[in-house]
Each structure stands twice: as structure tokens, then as C-alpha cells.
Amino acid sequence: MVATSLKQWYIPPLIWGKSGHIQTALYGKMGRVSSPNPYGIRKYLTMSDGATATFDLFEPLAEHCTGEDITMVICPGIANHSEKQYIRTFVDYAQKNGYRCAVLNHLGALPNIELTSPRMFTYGCTWEYEAMVNYIRKTYPQTQLVVVGFSLGGNIVCKYLGENQANQEGVLCCVSVCQGYSALRAQETFMQWDQCRRFYNFLMADNMKKIILSHRQALFAESPKKPQGLVDMDLNKLHTATSLMQIDDNIMRKFHGYHSLKEYYEQESCLRFLYRIYVPLLLVNASDDPLVHDSLLSIPRTLAEKRENVMFVLPLHGGHLGFFEGAVLFPEPLTWMDKLVVQYASAICQWERNKSQCSDTEQSSSGQE
């Protein structure tokens with residue numbers, strides 16, 4: 001079975017939809033149009049280092065097409081959380097298609113949740129995501145999992161699955177949307193001005209600075225848990241940083257004790273874990289994504305050519321987490337991306353159910369003989 005969205009061309013809005021910059025700007029500024037407000041319950045998990053991980057849990061609003069209990073475990077993009085409009089829109093659509101949804105709130109991203117240890121989310125740390133998944137496994141032992149990651153979240157979920165073979169147990173499939181696959185390869189392209197990538201880098205760095213400074217007391221106050229190497233001088237460097245790489249080098253890598261930016265990017269990227277993923281894996285990017293350089297797309301393309309469980313989808317348009325649809329000018333609330341992820345997951349779920357039924361039938365026939 002193939003998702004309906006994969007059988008049809010992605011058709012962006014006529015006037016502006018073929019601009020990756022406008023698609024990306026709309027996602028960044030508006031998130032989505034007429035976003036719903038799904039009702040969820042916030043969960044709090046205490047980590048071993050004293051950090052408090054949070055995620056929001058949304059129950060399904062309809063029965064799944066297979067009749068099974070299936071949970072989507074979702075990791076948002078950089079500095080994002082369950083209250084972002086694109087996440088709310090996706091969760092609402094998934095709920096209506098019979099999925100329970102658990103959405104990670106990146107450590108430090110929610111403005112009203114204080115940090116309880118001198119650490120916040122990083123590019124590839126899977127600790128909070130793993131804690132959320134473990135909670136779901138324990139609370140709903142009968143559920144099957146669909147792993148979903150957007151942008152930076154795509155890196156985290158792929159790394160999580162590849163880190164330990166046991167992490168793939170009970171996982172039906174994984175979907176990664178608009179990630180860059182290798183921070184080490186991406187860092188040079190992020191300093192280039194083509195596609196205005198350097199400008200986007202500056203904007204994201206400015207947002208990260210605001211988040212870090214909002215947690216200044218928890219991160220930089222003297223305490224036994226304060227990461228070694230993180231000193232007040234780094235706070236001064238943060239104020240003058242104009243790129244994510246400068247922030248990663250001066251602040252982020254030190255949360256996990258990396259000695260260099262190169263080591264941090266090598267260890268935190270999902271690149272070296274992709275070939276350890278054996279569940280069905282859908283990798284989605286857009287050709288006109290201004291944040292992901294074309295050279296990085298050779299990674300998913302090569303992986304899909306070598307592995308039968310991997311599908312790489314690359315529409316010409318969509319920007320970064322845009323993929324808006326609409327006839328001429330005004331975008332529709334639901335995007336092609338939302339429909340693709342849910343339809344792909346449902347197709348895999350149905351395929352697994354049919355395979356299980358065939359296996360049961362064969363065993364029954366064998367027993368009668």
C-alpha cells in the first residue's frame with residue numbers, strides 16, 4: 001500500500017508556492033493557517049541529572065483504520081514544542097485518524113517551564129526523547145509506535161533508533177521531515193550567502209541566544225552540576241555570536257563535555273546511525289529548502305538506493321517545513337506534509353496488519369494438515 005500523497009504531485013499555491021523562501025517564511029512566522037487547539041495533558045519526567053523533561057499527550061479522536069492502538073512519538077524542530085502551530089495542526093489531523101500523539105517539548109524551549117539543571121536541548125541529545133518513549137511503552141504496553149521528527153527532530157529520532165537495536169522494538173515506521181543529516185557537512189554551507197542561508201543562520205542564532213539568556217541563572221550559576229568548561233566568559237561570547245556554529249562551540253557542546261565543535265557535530269549527527277535503522281523509514285526533503293544545501297541530499301538519496309526499507313521523497317517545492325497547499329493565494333490549514341506523514345504511517349500500519357493476518361492464516365492451515 002502507498003500513501004495517497006505519494007501517488008500525486010505536490011501542487012503548491014499558484015502565486016507564491018514555488019518560492020522556498022516564502023514557504024519557509026510563512027512556516028517561521030505563521031506556522032500554519034487557522035490552527036486547531038487539540039487538548040493534551042502535559043507530563044513531567046525527572047531525568048537522572050535533575051533536568052525535568054516535559055511532553056504533551058493527546059488521545060485519539062477516532063478509531064484507527066486497523067483497529068489497533070498506535071501512538072505517534074513526535075520530536076519537533078529546533079527550539080520548538082507542542083504549542084507551535086505546525087505541531088498543533090499535525091497532531092489534530094493525526095488524532096482524527098486514530099493516532100495517540102506524544103509530543104516532546106525541547107528542554108528549555110517552553111517559556112513558562114524553568115530549567116531544573118544546567119542543561120538544555122542540543123542538536124542530537126536523545127535523552128528526553130528516549131524518556132518520553134519509555135513512558136509510552138510502560139503506560140501503554142499494547143501500543144505500537146510511529147516515530148516522527150521534524151527538522152532537528154528528524155536528526156534526534158533517527159539517531160535514537162540507530163543508537164540501540166532495542167529502540168526499534170514495537171516501532172512500525174519512522175518519518176523524518178526536512179532534516180540536514182550531518183551538522184558537520186552543513187556548517188560550511190550555513191555560512192554561505194546563496195539561498196540567503198547565512199541570513200537564516202543569523203535569525204536562528206538570535207532566537208537561540210534569547211532562549212539561552214532566558215535560562216541564564218539555571219545555566220551559568222555556580223553549582224556542582226554546572227558543566228565543566230562552561231564559564232562566564234562564554235556568556236560574553238554568546239552576546240556577540242551571529243551564527244549557530246558560534247553558539248554550539250561556545251555553549252552547546254559543553255553541556256555534554258565535547259572537546260571540539262567537530263567532535264560535537266560528528267557524535268550528535270544521525271549520519272552514522274542511519275544504516276542501523278531496519279524499520280520502514282521515510283525521509284522527506286524539499287529541493288528548494290533554503291536551510292538544507294543540495295549537497296546534503298546525497299545522504300538520503302544514497303541510503304534509499306542501498307536499503308529496501310528506506311524511501312526518499314524530494315518534491316521540487318515546499319521550502320523548510322512549509323509544503324502549503326491552496327489554489328491561488330490563500331493556503332489551506334492542512335499541508336501536504338501533514339497528510340503525507342499520516343497517510344504513510346497508516347499504509348505501513350495496514351501492511352503490517354495484513355502481513356500478520358496472512359501469517360496467522362498460514363499457521364492455522366499448517367496446523368490443520
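**Ground rules**

I call a residue buried when its relative accessible area is under 20%, exposed when it is over 50%, and partly exposed in between, using a 1.4 Å probe and protein chains only. This is a predicted model, so I kept its limits in mind: local features need pLDDT of at least 70, side-chain atom pairs count only at pLDDT 80 or more, and totals for chains, interfaces and linings use all residues. Residues are numbered from 1 along each chain as its sequence is written, and side-chain values use heavy atoms, with hydrogens and water left out.

**Entry: Arg197**

I started with Arg197, which at 2% relative accessibility counts as buried. Its side chain meets that of Asp194 in a salt bridge, 3.2 Å from N to O. My rule for a salt bridge is a side-chain nitrogen of Lys or Arg within 4 Å of a carboxyl oxygen of Asp or Glu. Asp194 has 36% relative accessibility, so I put it down as partly exposed.

**Entry: other salt bridges**

How many salt bridges does this rule give? The count comes to 15. I looked up two that sit inside helices; I take helices (H or I, at least four residues) and strands (E, at least two) as DSSP runs, numbered from the N terminus.

Lys262 pairs with Glu266, and their closest N and O atoms are 2.6 Å apart. The two are four residues apart in helix H11 (residues 261-268), so about one helical turn separates them. Lys262 is partly exposed at 48% relative accessibility, and Glu266 is partly exposed at 33%.

Lys355 and Glu352 form a salt bridge too, at 3.6 Å from N to O. They lie three residues apart in helix H13 (residues 336-368), which again means about one helical turn between them. I noted 41% relative accessibility for Lys355, which counts as partly exposed, and a relative accessible area of 22% for Glu352, also partly exposed. I also found Arg42, Asp56 and Glu83 joined into one network by salt bridges that share partners.

**Entry: the sheet**

Next I traced the strands, where two strands pair if DSSP finds at least two bridges between them. Eight of them form an open sheet with mixed pairing, in the order S1-S2-S4-S3-S5-S6-S7-S8. Neighbouring strands are turned by 20 degrees against each other on average, direction ignored.

Thr71 has Arg100 in S4 as its bridge partner.

Helix H3 (residues 85-96) packs on the sheet, touching S2 (52-58), S3, S4 and S5 (144-150), and its direction makes about 170 degrees with that of S3. Contact here means heavy atoms within 4.5 Å. Angles run from 0 to 180 degrees between N-to-C directions, with axes fitted to C-alpha atoms, for helices over the stretch in contact. Helix H12 (residues 298-306) packs on the sheet as well, touching S7 (281-284) and S8, at about 140 degrees to the direction of S8.

**Entry: H4 and H5**

Last, I looked at two helices that pack together: H4 (residues 127-139) and H5 (residues 152-163) make an angle of about 65 degrees, with axes 10 Å apart. On the H4 side I listed Tyr129, Glu130, Val133 and Arg137, which meet Ile156, Val157 and Tyr160 in H5.
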